[in-house]
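Biologist: I have a model open and would like to learn how to read it. Could you take me through it one feature at a time?

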Amino acid sequence: MELVKERFWMLIQRDVGLIPERIMNILDFCGYSANCALEAINDEKLKIIEREAKEIPQILRISASDEEQMKKYFGKFYRNPQNFHILSGEAQQIKMIGVYLRQKGIGSYLKLDELTRMRERRRKEVTTAIEAGGGTLEEQGRLLAERIHTFYFNRCDGSPTNVEFCNMVSSVQVSVEIGEDGNLVGYVVCPLCQSEKKLRVSQDRTGHWVLANIVSHMNRHLATMVNPSQNPSDDPNSSKKVKLEPLDLDDSSSQYGANPYGFTMSMT
């Protein structure tokens, strides 16, 4: 899917000129990548996009101190994303994307034959990059497992329940393979599920692993350990009962980048 989006943005820029990466990232976050929804862009929808963009730090748990990730979405507004707005020239360019999509059709920007060649080329690039670094897919799996471990170990508050939970997380099994689109895909076997449920993990545009679904799934187990009478299947929002409070730490191995939000786990 990421390669489809990459292809779309490459082709549409031939018609509307260079699009700032942060605008592409925001449109992607808001669900406008590589689909005909862009045809209906107007001033009202641009205002909605601005409101949704301001929620990015909270939803993706990006620290205000992580300048690289903040600039990725907010550019010159990275120090105060609440003041973010789409500039007039950017708004006009986004509307022009809609004009070209209406004129030429979404299919003109999703040429599947060329996409197949791009996927094969991307697969070779990923394989070459891994081999050039002296690594293997198994090594990538080990590194992803370490990121999951670090995410929770750095947030453990030392309570018996947290310690037990983190010890269980330490046995997580991870495998990594090259997906159909040529990008790396991780599969995580939850060590707390009796069915050995596999959770799929993908990378964002910058190559960072996105662990949001892993964290949501694991937190439901943690909530159950804190309150054994509560079955996570009975309460889909049980993960929200586990608070994640900011910590001042440098978790450089997390999927959020060099200076991400840190969190400690505490129970309500």
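**Burial and overall make-up**

Modeller: Let's start with burial: buried residues make up 44% of the 268 residues in the protein. Buried means under 20% relative accessible area, exposed means over 50%, and partly exposed lies in between, with a 1.4 Å probe and protein chains only. Keep in mind that this is a predicted model, where local features need pLDDT of at least 70 and side-chain atom pairs count only at pLDDT 80 or more, while totals for chains, interfaces and linings use all residues. Residues are numbered from 1 along each chain as its sequence is written, and side-chain values use heavy atoms, with hydrogens and water left out.

Biologist: Thanks! How many helices and strands are there?

Modeller: Helices here are DSSP runs of H or I with at least four residues, strands are runs of E with at least two, and both are numbered from the N terminus. The protein has ten helices and five strands.

Biologist: Which residues touch the most other members of the largest nonpolar core?

Modeller: A nonpolar core is a set of buried Ala, Val, Leu, Ile, Met, Phe, Trp, Tyr and Cys residues joined through side-chain atoms within 4.5 Å. The largest one holds 33 residues, and Trp-9, Leu-38, Ile-49 and Phe-74 touch the most other members. Two or more residues come from each of α1 (2–16), α2 (21–29), α3 (43–53), α5 (67–74) and α6 (88–104). Of these, α1 gives the most, with six residues. Another core, of 24 residues, lies apart from it, and Val-169, Val-176, Leu-211 and Leu-222 are among its members.

Biologist: What does Phe-74 touch?

Modeller: Leaving out residues up to four places away in sequence, Phe-74 touches Arg-22, Ala-53, Ile-56, Pro-57, Pro-81 and Phe-84.

**Helices and their sides**

Biologist: How should I read burial along a helix?

Modeller: An α-helix has 3.6 residues a turn, so residues three or four places apart point the same way. Take α5, whose buried residues are Gln-69, Met-70, Lys-72, Tyr-73 and Phe-74. They cover an arc of only 160° around the axis, which puts them on the same side of α5. The arc is that of the directions from the helix axis to the C-beta atoms. These buried residues pack against α2, α3 and α4. Just after α5, Gly-75 takes a positive phi of about 55°.

Biologist: Which residues of α6 are buried?

Modeller: In α6 they are Glu-90, Ala-91, Gln-93, Ile-94, Ile-97, Gly-98 and Leu-101. Their arc is only 165° around the axis, so they sit on the same side of α6. Ser-88 and Gln-103, on the other side of α6, are exposed.

Biologist: How far apart are the end C-alpha atoms of α6?

Modeller: The expected span of a helix is 1.5 Å times one less than its number of residues. The 17 residues of α6 should span 24 Å, and its end C-alpha atoms are 25 Å apart, which agrees.

Biologist: Is α2 largely enclosed or open?

Modeller: Seven of the nine residues of α2 are buried, so this helix is largely enclosed by the rest of the structure. One of its residues is Leu-27, which is buried with a relative accessible area of 1%. Beyond four places in sequence, Leu-27 touches Trp-9, Tyr-32, Ser-33, Leu-38, Ile-49 and Ile-94.

Biologist: Is Gln-93 buried or exposed?

Modeller: Gln-93, in helix α6, counts as buried at 14% relative accessibility. A polar contact is a pair of N or O atoms within 3.5 Å; within protein, one must be able to donate a hydrogen and the other to accept it, and residues adjacent in sequence count only if both atoms are side-chain atoms. Here the Gln-93 side chain reaches the backbone oxygen of Val-16 at 3.1 Å.

How values were computed: Contact means heavy atoms within 4.5 Å.
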